[in-house]
Amino acid sequence: MIKANILDLPADAIVNPANEGCLSGGGLDGQITAAGGEALLEARENIPQIRLGIRCPVGESRITRAGDLKYLEQNTGDNVNFKYVFHT
């Protein structure tokens, strides 16, 4: 177990605690949305609605590209893009 900002951890994907609308919320979801930029927002908007305003029902997940979401690679100091975001 480690104590860290999830946006600073090296990984191919990140899990986003999204709301059912899967567009933007507060807390960590808001931080992920802001860091992912327009490309992540566009990817989230392109998730099909299964009911009006519902893209990701409780208990399910949706996967999008990560947009501009990056982490700092500790060994090289390079900014590296996450590949995917799992919205759940």
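This is a working chat about the predicted model shown above.

User: Before we start, what kind of model is this, and how are residues numbered?
Analyst: It is a predicted model, in which local features need pLDDT of at least 70 and side-chain atom pairs count only at pLDDT 80 or more, while totals for chains, interfaces and linings use all residues. Residues are numbered from 1 along each chain as its sequence is written, and side-chain values use heavy atoms, with hydrogens and water left out.

User: OK, how many helices and strands are there in the protein?
Analyst: The protein has one helix and five strands, taken as DSSP runs (helices are H or I of at least four residues, strands are E of at least two, numbered from the N terminus). Read from the N terminus, the order is β-α-β-β-β-β. The radius of gyration is 13 Å, close to the 12 Å that the globule rule gives for 88 residues, so the protein is as compact as a globular protein of that length; the radius is taken over C-alpha atoms, and the rule is 2.2 Å times the number of residues to the power 0.38.

User: And what does the C-alpha trace span along its principal axes?
Analyst: About 45 × 30 × 20 Å.

User: Which residues make up the largest nonpolar core?
Analyst: Nine residues do: Leu-7, Ile-14, Ile-32, Leu-40, Ala-66, Leu-69, Tyr-71, Phe-82 and Val-85. Such a core is a set of buried Ala, Val, Leu, Ile, Met, Phe, Trp, Tyr and Cys residues joined through side-chain atoms within 4.5 Å, where buried means under 20% relative accessible area with a 1.4 Å probe, protein chains only.

User: What is Leu-40 in contact with?
Analyst: Leaving aside neighbours within four places in sequence, Leu-40 has contacts (heavy atoms within 4.5 Å) that include the core members Ile-32, Ala-66 and Val-85, and also Thr-64 and His-87.

User: Where is Gly-36, and is it buried or exposed?
Analyst: Gly-36 sits in helix α1, residues 27–45, and is buried, with a relative accessible area of 0%. Not counting residues up to four places away in sequence, Gly-36 touches Ala-66, Gly-67, Asp-68 and Leu-69.

User: Switching topic, what is phi of Cys-22?
Analyst: Phi of Cys-22 is near 60°, a positive value in a residue other than glycine. Most residues other than glycine have a negative phi. Cys-22 lies in the loop between β1 (13–16) and α1, and counts as buried at 0% relative accessibility.

User: Last one, how many charged side chains does the protein have?
Analyst: There are 8 positive and 11 negative side chains, with Lys and Arg counted as positive, Asp and Glu as negative, and His and the chain ends not counted.

Notes
Charge placed at Lys NZ, Arg CZ, Asp CG, Glu CD. Buried < 20%, exposed > 50% of the residue type's maximum accessible area, 1.4 Å probe, protein only.
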